[in-house]
Amino acid sequence: NYDLGAEYGVSLLDVAHRLNLNGTVQLPFGEGRKWLNGGGVSNAVLGGWQLTLAGRYQTGFPLNISQSSNNSGLLGSNQRPNVVPGIDPMTTGSQEDRAIAGWINPAAFSAAPAFTFGNAPRTNPDWRGPGQRNVDLAIAKTQRIGNKSLSLRADVMNLFDDPLFLGPVTTFGTSTFGQITSVGGFAR
């Protein structure tokens, strides 16, 4: 229970890969721009527009597999199951398919016998939850009126309607072990 060497592993907040992309483009129409720069109605309608995209792509967080029944005989400890050799704990397929069919293979684990700790690691860098994909779009227009400016802006959160799957249930021995039961973030 106090063997800190057996507890060594990657942090539960570890993200192995993350890519943030941000960009703003001013459309080439209107006053001071390449096209339709003569002012008047065309500038008022088509000028001063800009588009901003913000994208975030990252791998999932490490998983901490525990056992539902703590039969280790120790008060306050967390018991882990045993890993079955030769069976991959992670299922395969697309992120969406795995979220529906099951993220973790329950056959890869067995209940630790009474008064044992189980051999599953605290975290394994290869056992990760779902990654995250998100792209937001902002459309903005600035219109000069005399010596003042008026801005109009619209934001589209989660432009491509990518689901933000939360982590799977990691308590071995429960009926939903290995399944993703909820999503988070902003649905479009």
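## Strand 7

Strand 7 lies largely in the open, because zero of its nine residues are buried; buried stands for under 20% relative accessible area, exposed for over 50%, and partly exposed for the range in between, with a 1.4 Å probe and protein chains only. Strands (E, at least two residues) and helices (H or I, at least four) are DSSP runs numbered from the N terminus. This is a predicted model, in which local features need pLDDT of at least 70 and side-chain atom pairs count only at pLDDT 80 or more, while totals for chains, interfaces and linings use all residues. Residues are numbered from 1 along each chain as its sequence is written, and side-chain values use heavy atoms, with hydrogens and water left out.

Leu-150 is a residue of strand 7 and counts as exposed, at 52% relative accessibility. Apart from neighbours within four places in sequence, Leu-150 is in contact with Lys-141, Thr-142, Gln-143 and Ile-145, where contact means heavy atoms within 4.5 Å. Gln-143 is also the residue whose bridge partner in strand 7 is Leu-150. The C-alpha atoms of Leu-150 and Gln-50 are separated by 14 Å, the two residues being 100 apart along the chain.

Two strands pair if DSSP finds at least two bridges between them. Strand 6 and strand 7 are paired in the antiparallel sense over nine bridges. They form a hairpin with two residues between them, and Gly-146 in the turn has a positive phi of about 65°. On the strand 2 side, 10 bridges join strand 2 (residues 49-58) to strand 6 (residues 132-145), again running antiparallel. In this pairing, Thr-52 stands opposite Ala-138 of strand 6.

## Two glutamines

Gln-132 is in strand 6 and is buried, with a relative accessible area of 14%. Its side chain is joined to that of Arg-56 by a polar contact of 2.3 Å; such a contact is a pair of N or O atoms within 3.5 Å, where within protein one must be able to donate a hydrogen and the other to accept it, and residues adjacent in sequence count only if both atoms are side-chain atoms. Not counting residues up to four places away in sequence, Gln-132 touches Arg-56, Tyr-57, Gln-58, Phe-61 and Leu-164.

Gln-95 lies in helix 2 (residues 95-101) and counts as buried at 18% relative accessibility. Leaving aside neighbours within four places in sequence, the contacts of Gln-95 are Trp-103, Pro-130, Gly-131 and Phe-165.

The loop between strand 7 and strand 8 (164-165) holds Asn-158. Asn-158 has a positive phi of about 55° although it is not a glycine, and it counts as buried at 4% relative accessibility. Asp-161 lies in the loop between strand 7 and strand 8. Asp-161, not a glycine, has a positive phi of about 55°, and at 39% relative accessibility it counts as partly exposed.

## Nonpolar core

The largest nonpolar core has 13 residues, and those with the most contacts inside it are Leu-63, Ile-65, Met-90, Trp-103, Ile-104, Phe-109 and Phe-177. A nonpolar core is a set of buried Ala, Val, Leu, Ile, Met, Phe, Trp, Tyr and Cys residues joined through side-chain atoms within 4.5 Å. Not counting residues up to four places away in sequence, the residues that Phe-109 touches include Ile-65, Ile-104, Trp-127, Phe-172 and Phe-177.

## Chain as a whole

The protein chain has two helices and 10 strands, in the pattern β-α-β-β-β-α-β-β-β-β-β-β along the sequence. Of its 188 residues, 30% count as buried. Among contacts with a separation of 6 or more, 68% are between residues 24 or more positions apart.

The C-alpha trace spans about 80 × 30 × 25 Å along its principal axes. The radius of gyration of the protein chain is 25 Å, whereas a compact globule of 188 residues would have one near 16 Å; the radius is taken over C-alpha atoms, and the globule rule is 2.2 Å times the number of residues to the power 0.38.
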